[in-house]
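Q: I am new to this structure and would be grateful for a close look at a single part of it, followed by its wider setting.

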Amino acid sequence: MIPASSFSFDMSFCGPPPTLATLWGRWNLDPFMLIALALVAALAAISLRTASRQRQLAGGASWALAATLFGSPLCALTVALFSARVGHHILLTMVVAPLLALALPPERGRRAKLFPALLVSTVALWLWHAPDFYAAAFTHPAIYWAMQVSLLLAFTWLWLGMLRADNAMAAGLTALSGAIQMGFLGALLVFASGPLYLPHLATTLAFGFSPIEDQQLGGLIMWVPANLPLLGVVIWRLVDALRPERRPAVQ
């Protein structure tokens with residue numbers, strides 16, 4: 001095994017691993033990120049100026065949460081703890097992505113191709129949690145942003161179909177499939193015989209976790225809390241599909 005001390009965080013977007021003493025001072029004020037956030041806010045304001053109040057609120061909430069995820073000390077914490085990185089990804093894919101989907105025009109999702117969206121989001125999730133690809137995201141900001149943007153776009157596409165598709169039964173079964181594969185990945189992490197992620201082998205003890213305990217916590221987050229939004233969609237859409245007169249998807 002490669003020694004944990006040999007891993008370098010020199011090019012990590014969120015900087016070196018923090019400690020408990022330094023964590024709350026680790027706000028991320030990267031100028032390129034701040035410019036990107038400002039541009040996204042401006043474009044959203046223009047595109048949503050005539051949209052419904054619900055779409056405007058969803059767009060604003062998705063932007064605010066994304067800015068918090070990447071600008072707050074949570075960004076630095078994800079360098080030290082695998083469980084924090086998992087929590088970061090879950091908030092991105094299970095909260096920011098559905099909010100962004102709700103901010104988009106409803107017609108984009110009504111006839112969405114659900115299987116391709118499920119396939120792409122599943123590949124993105126498993127790919128970026130494969131140990132080598134996961135570790136690569138700490139080695140250069142471009143790879144880090146490839147991870148974050150691909151997860152956000154893939155899951156926004158998935159949520160757009162699950163929330164808006166005319167075929168409620170297909171949308172419910174798609175959400176169920178997504179919950180199953182995410183839960184399976186989480187279970188694999190919980191029951192793995194040893195730590196899998198090189199970047200965290202020497203960074204978790206500062207927060208009171210061994211590397212395997214940190215990995216198990218991350219797997220548990222992915223296995224249970226991450227699945228709650230998907231299971232909510234399963235119940236809603238399948239119940240809707242079984243009604244004699246179906247209600248339209250969320251407007």
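Which backbone oxygen does the side chain of Thr 174 reach, and at what distance?

A: The side chain of Thr 174 reaches the backbone oxygen of Ala 170 at 2.8 Å, where a polar contact is a pair of N or O atoms within 3.5 Å; within protein, one must be able to donate a hydrogen and the other to accept it, and residues adjacent in sequence count only if both atoms are side-chain atoms. This is a predicted model, in which local features need pLDDT of at least 70 and side-chain atom pairs count only at pLDDT 80 or more, while totals for chains, interfaces and linings use all residues. Residues are numbered from 1 along each chain as its sequence is written, and side-chain values use heavy atoms, with hydrogens and water left out.

Thr 174 belongs to helix α9, residues 168–190 (helices, H or I with at least four residues, and strands, E with at least two, are DSSP runs numbered from the N terminus). Thr 174 counts as buried because its relative accessibility is 8% (buried means under 20% relative accessible area, exposed over 50%, partly exposed in between, with a 1.4 Å probe and protein chains only). Apart from neighbours within four places in sequence, Thr 174 is in contact with Leu 114, Leu 118, Leu 158 and Met 162 (contact means heavy atoms within 4.5 Å).

Ser 62, in helix α2, may be described in the same terms. Its side chain reaches the backbone oxygen of Gly 59 at 2.8 Å. With a relative accessible area of 7%, Ser 62 is buried. Beyond its neighbours within four places in sequence, Ser 62 is in contact with Val 96, Leu 99 and Leu 100.

The largest pocket holds about 880 Å³ of space. It is lined by 33 residues, of which Val 40, Trp 63, Ala 66, Leu 100 and Leu 152 are the closest to its centre. Two or more lining residues come from each of α1 (31–47), α2 (53–71), α4 (82–103) and α8 (141–164), and α1 gives the largest share, 10 residues. The lining divides into 25 nonpolar, six polar and two charged residues (Ala, Val, Leu, Ile, Met, Phe, Trp, Tyr, Cys and Pro count as nonpolar, Asp, Glu, Lys and Arg as charged, and the others, Gly among them, as polar). On a 1 Å grid over the protein atoms alone, a pocket is an open set of points with protein on both sides within 12 Å along at least five of seven lines, a cavity is a set of points where a 1.4 Å probe fits but cannot get out, and lining residues have an atom within 4 Å of a point. Grid points are joined across faces, edges and corners, and a volume is the space filled by probe spheres set on the points.

There is one cavity of 30 Å³ or more, and the largest cavity has a volume of about 40 Å³. Its lining consists of Phe 82, Pro 195, Tyr 197, His 200, Leu 201, Pro 211, Asp 214 and Gln 215. Helix α10, residues 211–223, supplies the largest share of that lining, three residues.

Finally, the structure holds one salt bridge (a side-chain nitrogen of Lys or Arg within 4 Å of a carboxyl oxygen of Asp or Glu). Arg 237 forms a salt bridge with Asp 240, their closest N and O atoms being 4.0 Å apart. Both residues lie in helix α11 (residues 227–242), three residues apart, about one turn of the helix. Arg 237 counts as buried because its relative accessibility is 0%, and Asp 240 counts as buried at 2%.
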